[in-house]
Amino acid sequence: MSIYLLIALALSFTTTGQVLQKLATNRVDSTADRPGFIMQILSFRETYLAITCLVLGMLIWLLVLYHMEVSKATPFLSLGFFLVTLVSRYKLKETVSLQRWGGVLLVTLGLWLVSLS
Amino acid sequence: MTSRRNAFLCMTASILLSSMAQLFMKASMTLIAQHNAQGAVLLDIMLDVSVIGWLFVGLGSYAVSLVFWLFAIARLELSLAYPMLSLSYVIVYIVAANWPLLNESVSWTRTLGIFIVILGVILIAQSENRGEEAGIKKR
């Protein structure tokens with residue numbers, strides 16, 4: 001299997017997992033204390049879906065790391081920053097200012113430069 | 001519920017731990033690759049304490065990092081917190097270049113990239129929508 005297909009799979013699972021985590025924490029009652037926060041999180045379906053996605057993403061990522069230098073492989077995850085920001089904007093209805101998009105662009109650009117050794 | 005300031009502290013802890021996780025897992029994979037190069041059989045690899053050790057410390061760091069992360073994003077917008085995770089690549093780059101086991105290459109292009117990432121994170125940090133409660137239910 002192509003290493004780039006593996007990277008794309010890892011990226012998709014990780015992005016989905018991140019957004020599901022946020023959806024889970026959004027459901028916690030804001031008056032909860034720390035143990036209460038954990039207990040509530042553990043009772044949500046989103047949490048387990050998120051963990052499943054993140055574990056799958058991580059296992060696939062381990063395979064990627066086996067074949068690739070870590071500082072060469074990680075820049076591909078930079079695309080995840082755009083994906084997560086996009087989903088935050090449209091699915092979670094967050095306000096993403098031009099400055100924040102600029103920051104995400106610089107992060108992605110910087111990580112691609114790191115990949116050119 | 002944690003304060004916004006504590007949420008940033010949780011985020012910092014999470015970033016440090018996930019960087020450690022990446023590095024430890026890579027250390028483990030590097031040791032396996034070394035065993036393979038020497039023609040070792042699977043059992044030899046499984047019996048090498050350092051291979052399993054680094055892998056478990058790596059996975060453990062990820063698990064703890066996840067808990068800190070949940071406390072962080074409960075208070076922060078995902079579009080603010082998530083891009084800041086890129087700081088872990090800055091940490092990974094610096095450590096991977098200086099850890100003899102990993103011994104990864106350094107170049108001016110890569111170092112420039114690292115500075116651009118840091119600049120991006122500063123921009124994102126300053127784009128905080130103050131007073132906005134990141135989609136948390138109101139009391």
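1. The interface. The contact between the chains draws 42 residues from chain B and 44 residues from chain A. Two residues count as in contact if their C-beta atoms, placed from the backbone, lie within 7 Å. On chain B, five helices each supply at least two residues to the side that touches chain A: α1 (4-37), α3 (49-75), α4 (78-84), α5 (87-98) and α6 (108-125). The largest share, twelve residues, comes from α6(B). By type, this side of chain B divides into 23 nonpolar, twelve polar and seven charged residues. Here Ala, Val, Leu, Ile, Met, Phe, Trp, Tyr, Cys and Pro count as nonpolar, Asp, Glu, Lys and Arg as charged, and the others, Gly among them, as polar.

2. Basis of the note. This is a predicted model: local features need pLDDT of at least 70, side-chain atom pairs count only at pLDDT 80 or more, and totals for chains, interfaces and linings use all residues. Residues are numbered from 1 along each chain as its sequence is written, while chains are lettered from A and ligands numbered from 1 in the order in which they are written.

3. Chain A overall. Chain A has six helices and zero strands. Its elements run α-α-α-α-α-α from the N terminus. Helices (H or I, at least four residues) and strands (E, at least two) are DSSP runs, numbered from the N terminus. Along the principal axes, the C-alpha atoms of chain A fill a box of roughly 50 × 35 × 20 Å. Of its 117 residues, 40% count as buried. A residue is buried if 20 or more other C-beta atoms lie within 10 Å of its own, exposed if 12 or fewer, and partly exposed in between, with C-beta atoms placed from the backbone. Among contacts in chain A with a separation of 6 or more, 73% join residues 24 or more positions apart.

4. Helix α3(A). The buried residues of α3(A) are A50(A), C53(A), L54(A), G57(A), I60(A), W61(A) and V64(A). An α-helix has 3.6 residues a turn, so residues three or four places apart point the same way.

5. The α1(A)/α5(A) pair. The axes of α1(A) (residues 3-26) and α5(A) (residues 78-90) come within 10 Å and cross at roughly 35 degrees. Axes are lines fitted to C-alpha atoms, for helices over the stretch in contact, and angles run from 0 to 180 degrees between N-to-C directions. The crossing is right-handed. A crossing is left-handed if the near helix is turned anticlockwise from the far one by less than a right angle, and right-handed if clockwise. From α1(A), the contact uses L11(A), T14(A), T15(A), Q18(A) and V19(A); from α5(A), it uses L79(A), G80(A), L83(A), V84(A) and V87(A). These residues divide into six nonpolar, four polar and no charged.

6. L83(A). This residue sits in helix α5 of chain A. With 17 other C-beta atoms within 10 Å, L83(A) is partly exposed. L83(A) and I3(A) are 80 residues apart in sequence and 20 Å apart in space, C-alpha to C-alpha.

7. K93(A). Check this backbone. K93(A) is not a glycine, yet has a positive phi of about 55 degrees. Most residues other than glycine have a negative phi. K93(A) lies in the loop between α5 and α6 (98-115) of chain A. It counts as exposed, with 8 C-beta neighbours inside 10 Å.

8. Chain B overall. Chain B also comes to six helices and zero strands. Of its 139 residues, 45% count as buried. Residues 24 or more positions apart account for 80% of the contacts in chain B with a separation of 6 or more.

9. The α5(B)/α6(B) pair. The two axes come within 9 Å and cross at roughly 150 degrees. That makes α5(B) roughly antiparallel to α6(B), a term for angles over 145 degrees. The crossing is left-handed. L87(B), Y89(B), V90(B) and Y93(B) of α5(B) meet R110(B), I114(B), V117(B), I118(B) and V121(B) of α6(B). The contact residues divide into eight nonpolar, no polar and one charged.

10. R75(B). This residue belongs to helix α3 of chain B. R75(B) is buried, with 22 other C-beta atoms within 10 Å. The C-alpha atoms of R75(B) and T30(B) are separated by 37 Å, at 45 residues apart along the chain.

Notes
Parallel < 35°, antiparallel > 145°, perpendicular 65-115°, else oblique.
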